[in-house]
Amino acid sequence: MPRHFDAIIIGTGQAGPALAARLAAGGMAVAIIERHEFGGTCVNTGCIPTKTLVASAYAAHVARRGPEYGFAVNGDVRVDMKRVKERKDEISGRSNKGVEEWLRGLKNCTVIQGHARFQTSHTVVVNDDVLQAEKIFINVGGRASVPAMPGIQDVPFLTNSSMMDVDFLPEHLVIIGGSYIGLEFGQMYRRFGSEVTIVEMGPRLIGREDEDISDAVRQILEVEGIQTKLNAKCISLAKRNSGIAVGIGCDEGPPEVVGTHVLLAVGRIPNTNDLGLDRAGIATDQRGYIVVDDQLQTNVSGIWALGDCNGRGAFTHTAYNDYEVVADNLLGGDHRRVSDRIQAYALYTDPPLGRCGMTDVEIRKSGRAALAAKHPMSRVGRAVEKGETQGFIKISVDAETKHILGAAILGTGGDEVVHVLLDVMYAKAPYTVIQRAMHIHPTIAEFLPTVLSKLEPFA
Ligand SMILES: Cc1cc2nc3c(=O)[nH]c(=O)nc-3n(C[C@H](O)[C@H](O)[C@H](O)COP(=O)(O)OP(=O)(O)OC[C@H]3O[C@@H](n4cnc5c(N)ncnc54)[C@H](O)[C@@H]3O)c2cc1C
């Protein structure tokens, strides 16, 4: 006999739990299903553990710079990887437990562990349980992509998930993929003490960013001794006595890099192949992302897709915003749309990159009249005082409306400071509001008016 609920939520990532709480609080009978770890990617193998590891790596880095700041560390700074992992497990584990306890404690909410599959459009099977609901919310997230590159089946490799079990120092970590995940792991392992090589197929790191950002980030990494191999058009893997060879066939450097360990960081794919979507008649695109409209409804009435699996975002904040859009529209009578949000994210290298709005390339493509300004962090007082002067601030505005079009803050505190600009963008206010505000000294944010005073026609 099928069990009936008002709503079924598949997945406990960044949208599902909050949605379960809101629907259940509204008096709906909710079932939420998780096949693996409560909290999904961000909590267990993504943001939280990686940023915890980044913090350990940063501490080691600052310790090595002790003499610059006027203190000495007795002997070499050595990282205890077992303790680093323990700290990460503790912090990540607390969140994982917190999500599970929260869900299990919710009135009107039934937590079911197992793999969910659609049987029909409004029937889902988990283990031997058949569940039915008028409303179904899919929040199944994604996983590391493992492309069929030559030799992949012959060698051991790591992904962001298996990296979470590493409690030793790889002698030479070769990272395939020079985007956000690859760069964060690369810098952290270099700081832990590994030799690190990043192999990237494209002509530059973080290829979606403007060229000046890619170049500056590459320089920052190379100064720390990370090797980068770009234009690696034909990557292959092979066993060697001394480790694993990554064939790069790139324009620069030798044709292969031999490392002791290989991390694949070449993108993500949605967890939609084993959901029985065809039985429910739910449409996906060519890459397996569930097709949704601006309010996150699928092509099947009463079924929504939220988070990474809908291809409309790839971050925790986009998944959580998906929850807000769906919940406010369903329960609050609102008309929120995904297209109303402004692109924003951060890269957690040190210094971090905080980004919002359009890139220079996108602004140029839009053809609008724009003004832009750029300011080096080496001329920002707070950065100088901290001894963290790498990077720059750049901001672009619309020449007519004076609205901010986009910004990049590559520098200490960039992930936080960028929100000053982002919130003014959401307020649809002109940049001059920031110029007239009194900011706190000494901060990075106090320099935004100075940067804005240097606006010139977009080159
Ligand atoms: C290394 C790394 C670092 C990251 N760092 C950041 C960062 O700093 N900031 C940021 O914003 N984002 C970051 N992200 C991205 C972020 O983790 C994801 O965007 C976010 O977790 C997506 O949430 P979600 O709710 O869509 O899915 P997920 O968090 O992936 O959750 C999906 C859940 O669904 C479950 N599930 C899947 N299929 C089924 C099924 N058939 N039945 C039952 N359950 C199922 C899964 O087990 C999982 O628990 C990072 C990602 C990685 C990999």
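## Basis of the model

Buried means under 20% relative accessible area, exposed means over 50%, and partly exposed lies in between, with a 1.4 Å probe and protein chains only. By that cut-off D398 is buried, at 10% relative accessibility.

This is a predicted model, in which local features need pLDDT of at least 70 and side-chain atom pairs count only at pLDDT 80 or more, while totals for chains, interfaces and linings use all residues. Residues are numbered from 1 along each chain as its sequence is written, and side-chain values use heavy atoms, with hydrogens and water left out.

## The ligand site

The ligand is surrounded by 38 residues. The closest are Q14, E34, T41, N139 and D308. The shell divides into 13 nonpolar, 19 polar and six charged residues. Four elements each supply at least two shell residues: β2 (30–34), α2 (40–44), α3 (47–64) and α9 (316–331). Helices (H or I, at least four residues) and strands (E, at least two) are DSSP runs, numbered from the N terminus.

Polar contacts are pairs of N or O atoms within 3.5 Å; within protein, one must be able to donate a hydrogen and the other to accept it, and residues adjacent in sequence count only if both atoms are side-chain atoms. The side chain of T41 places an N or O atom 2.5 Å from a ligand oxygen. For the side chain of N139, the distance to an oxygen atom of the ligand is 2.8 Å. A116 uses its backbone: an N or O atom there lies 3.0 Å from a ligand nitrogen. On its own the ligand has 990 Å² of accessible area, and the protein covers 94% of that. Accessible areas come from the Shrake-Rupley method with a 1.4 Å probe; for residues, only the protein chains shown count as cover.

## Nonpolar cores

A nonpolar core is a set of buried Ala, Val, Leu, Ile, Met, Phe, Trp, Tyr and Cys residues joined through side-chain atoms within 4.5 Å. The largest has 52 residues. Within it, I10, F118 and I138 touch the most other members. Helix α1 (residues 16–25) gives the most to this core, with six residues. A second, separate core holds 36 residues, including A57, V166, Y189 and F392.

Contact means heavy atoms within 4.5 Å. Beyond four places in sequence, I138 touches I10, F118, L275, L277, I282, I290, I303, W304, A305, L306 and C309. I282 sits in the loop between α8 (277–280) and β16 (303–305). It is buried, at 6% relative accessible area. Its contacts beyond four places in sequence include F118, I138, L277 and T298. V300 is another contact of I282. The C-alpha atoms of I282 and V300 are 6.1 Å apart, although 18 residues separate the two along the chain.

## Buried charged residues

D398 belongs to strand β20 (residues 392–398). A polar atom of its side chain lies 3.1 Å from the backbone nitrogen of T401. Leaving aside neighbours within four places in sequence, D398 contacts R368, A369, H403 and L405.

R341 lies in the loop between α9 and β17. It is buried, with a relative accessible area of 18%. A polar atom of the R341 side chain is 3.3 Å from the backbone oxygen of T318. Beyond four places in sequence, R341 touches R312, G313, T318, N321, D322 and Y426.

## Backbone exceptions

Most residues other than glycine have a negative phi, and most peptide bonds are trans. The D350 to P351 bond is cis, with omega near 0°, and P351 lies in the loop between β17 (344–347) and β18 (353–357). The H441 to P442 bond is cis too, with omega near -5°. P442 is in the loop between α13 (432–436) and α14 (448–452).

N108 has a phi of about 75° and sits in the loop between α5 (81–104) and β3 (109–113). N108 is partly exposed, at 36% relative accessibility. N231 has a phi near 55° and lies in the loop between β10 (227–229) and β11 (236–240). N231 is buried, at 15% relative accessibility.

Methods:
A residue is near a molecule or strand if one of its heavy atoms lies within 4 Å of it. Ala, Val, Leu, Ile, Met, Phe, Trp, Tyr, Cys and Pro count as nonpolar, Asp, Glu, Lys and Arg as charged, and the others, Gly among them, as polar.
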